[in-house]
Each structure stands twice: as C-alpha cells, then as structure tokens.
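Please look at the structure below before reading on. Some questions about it follow, each with a worked answer.

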Amino acid sequence: MTSDHSSDHPADAAPNHPPRRWIAHLDMDAFYASVELLRYPQLKGQPVVIGGRRADAPRQDESGQWHYARLRDYTGRGVVTTSTYEARALGVFSAMGTMKAALLAPDAILLPADFDAYRRYSRLFKAAVAEVAPVIEDRGIDEIYIDLTDVPGVHDAVGHDPLGGVRAVAREIKNSVTRATGLSCSIGVTPNKLLSKIASELEKPDGLTVLTEADIPARIWPLGVRKVNGIGPKAAAKLGEMGIESVGELAAFEPRLLIERFGKSYGAWLHAAALGRDSRPVVTHSEPVSISRETTFERDLHAVRDRAVLGRILDELCERLAADLARKGYAGKTVGIKLRFEGFHTVTRDQTFPTPVQTAAEIRRAAGLCLKRVDFDKRLRLLGVRVGHLVAPGEARTASAKPVPEATGPAAENLPLF
C-alpha cells in the first residue's frame, strides 16, 4: 500500500515539494518465518513460531500427511527467534521464552531455525535491490537502507503525481525482491533514514509508504514516541512522566527541558528526531573495523532470574557472529560485549588477545571474561557481542592457533556469567 496524502498541513510544516534526497528503508516481512513458509506453503495464514530444535522439524508420513511440532509440547529453555504475523497477533514475539510463548499460543506450529537458508535469501534480496539501486547500506540479514537520489527517473512526475517517479522506483524494487525470492518486503521512502525507518513500519506487511517533510504532522506526529528508532521503553516512560506520549508532543516540547532531563546529546537528538531531522548518509560497504551481533529483548531480563534465557541468547549471538566471521574470512583480536540496562544506560567491555579468535567457543569464553567486569544491578534490555581488530582474510588462517585463555582463580567460579 502507498501513502497518498496531500491534505492541508500546519503553516509551519515544510512546503509540499519533492525533496532533493530520497532514502528508502527496506525491511523484509517476518523474514525467517517467511522463508520457512516457502518450504511449507501449507502453513500460510497459521501462527508459526521459529525457534524449535532440529527434532521439531516437520515430518511426512507414508500417506503424505505432514506432522508438525506444537508450542504446547515444547519443554526446555529455548527462545523464540521470530514468528509469523498470525503468531504475533497472539502475543508471541522474538526473544520471548518459548515456554512463555506456549502459554500464549499453545496450538502454534513450532519450526527449527535454518540460518543457512536465511543468509542465502538475504543475499538474494540484496542482489535484486542492487540491480535497481546500487547504493545500499547493509543493516543486517533482513533490512537495508537505499539511497535512491541518483536512480534514473526517481525525481520524475507521473501524470499529476509529483512523486510518481519515486513510487515507481520503489515498486520496481519490491517487485524485484519478490521475483528473486518469492518473499514480500515493506519499504518506506522519505528524505532521510530516520523517517524512512518509521515509514517502512506504517503499512506492514507488503507495504510501500512515500512521505515528504510536509507529511510529518499528519503521518508521524500522531504516532507514539516508541515508533522512533532510538527511543526505548525506559526513555518513553520518562517522556510519559513529562506528559509526552506522541511524537508531535515531543516536537512541541521545549528542547531545553529535554536536555535537562536526558542530557545534552540525547535530549537534543530527541527534539530533532521528533521534527524529522536526520542528515546521516547511506554508508555503503567498506572494509569492516569490527563485526557485531546484538538483540533487543521484548521485556527487560534479570541477570539472575533470567540467566538461562540470557545464556541461550548469548550462545546464539556468538554462534551467529562466528558464522559471520567465517563467511567473510575474518578473525579478530578483540572481543567486546554491549549491555543496555533499564534507563537507557549502556555499558561496554572488551578484551584483547595476542592472537585472533574466530570460533563460537572462543568468542563465548571471551564474552564471559568481559561479563565478569560488569555490575548487574539493573535489568537488561539489550545484549550484543562484537569482534574487533580484524585480521585481513589472508592472515586469518592462524586465528585459532592459540585458544582464548580460561579464567582462573576465585573470579572464575561463575564463568560464564550467563
């Protein structure tokens, strides 16, 4: 669906003319689950959860009848990787404990994750986009930013629609992705990355939303502040205490008071974001300085009570990070962790080793060493793992020559922490 709003806007809104810059944010729809539905099309329209074990894979009996694992039969400490929109409607989201998900949607179908397949489809959709618009910023396995500014025809009017050219280019991208993968995506196209990230969520799934600065009052300001990427639950709660619930209320708030409450940098950013201001460029591929994986939880997790869940999440992050390194031919001498606590307080720790690391086990042990240096006095909202000081591909062959040292002494008793 495409947003076509040309209604009256407040006098202080930006004039309704095509912007000089067009940035798109493309987000694949329920990516992991959608890939699985290509394999099992008979499950379309049903609540499906990804995150089971290999033993949970569907099987076909001699009569051709398919049999599927159900959430109600799951036992263990697994974590949901993703879910279809039908499962989300029942309250099941990524990073949720599988046993909790089973209480919400006991009849949902449970499938194991296949990350090799997801990476393959990720490469396919990005290659399809690059054929139309080659200036791409990779933001992960299922999302990218695209600079459409110099794509031929993007600034053309079509009939009486001054934005017809950019709509046509965006539709071409969507069609190319579907032809290459059989999957749908949602695209938001606006003058900057911040607005495009919001716009791509407005018409999910299979959406296409094109906005200019003039659309901000009508389409962005009525949204809750959580719709702005970078405003988490704790910041939103603080804003709520100040009487700020919507993006429009944030835009109208006195910047000085935001800075007093949130600090100079974040407070100023909050006000600028509410006004739709963002000058960040689309950053194309360059030699990576580091490679990382992180995930934000649906709810804050306690380091002790949710230790098993955190441990599984950290294991999975390390495994994915090791796969990224192996695929790209890198190893790294520095392993770091990133923790975001309630109140939007972020902590990082890292450790450097004399020889590079690359395997999941090495990264996991190093992350455990870093975790020992963190004071877990608050609940966790985000967990990330990073490998830096990367070794060039030709040098990575010696990456595992010396393993990450095991911790010794009293401090090692609870290692790894999760």
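Q: How many helices and strands does the protein chain have?
A: The model is predicted. In it, the protein chain has 13 helices and 15 strands.

Q: What share of the 418 residues of the protein chain counts as buried?
A: A residue counts as buried when its relative accessible area is under 20%. In the protein chain, which has 418 residues, the share that counts as buried is 49%.

Q: What pLDDT does the protein chain average, and what is the pLDDT over residues 1-15?
A: The average for the protein chain is 88, and 88% of the residues score at least 70. Residues 1-15 have 25 contacts in the model beyond near neighbours in sequence, yet their pLDDT is below 50. Where pLDDT is low, predicted coordinates should not be read in detail. The values asked for are an average of 88 and, over residues 1-15, a pLDDT below 50.

Q: Which residues of helix 10 make the contact with helix 8?
A: Helix 8 passes helix 10 in a right-handed crossing. On the side of helix 8, the contact is made by Ala235, Lys238, Leu239 and Glu241. The residues of this contact divide into four nonpolar, no polar and three charged. From helix 10 come Leu258, Arg261 and Phe262.

Q: Is Leu211 buried or exposed?
A: Leu211 lies in the loop between strand 11 (208-210) and helix 7 (216-220). Its C-alpha atom is separated by 7.8 Å from that of Gly188, 23 residues apart along the chain. Because its relative accessible area is 3%, Leu211 is buried.

Q: Is Asp324 buried or exposed?
A: Asp324 belongs to helix 12 (residues 307-328). Its relative accessibility is 5%, so Asp324 counts as buried.

Q: Which residues does Asp324 touch, not counting those up to four places away in sequence?
A: The C-alpha atoms of Asp324 and Ile291 are separated by 7.8 Å, although these residues are 33 apart along the chain. Leaving out residues up to four places away in sequence, Asp324 touches Ile291 and Arg293.

Conventions:
Residues numbered from 1 in each chain as written. Predicted model: local features only at pLDDT ≥ 70, side-chain atom pairs only at ≥ 80, totals over all residues. Heavy atoms only, no water. Helix = DSSP H or I, 4+ residues; strand = E, 2+ residues; numbered from the N terminus. Buried < 20%, exposed > 50% of the residue type's maximum accessible area, 1.4 Å probe, protein only. Left-handed = near helix turned anticlockwise from the far one by under 90°. Contact = heavy atoms within 4.5 Å. Nonpolar A, V, L, I, M, F, W, Y, C, P; charged D, E, K, R; others polar. pLDDT = per-residue confidence, 0-100.
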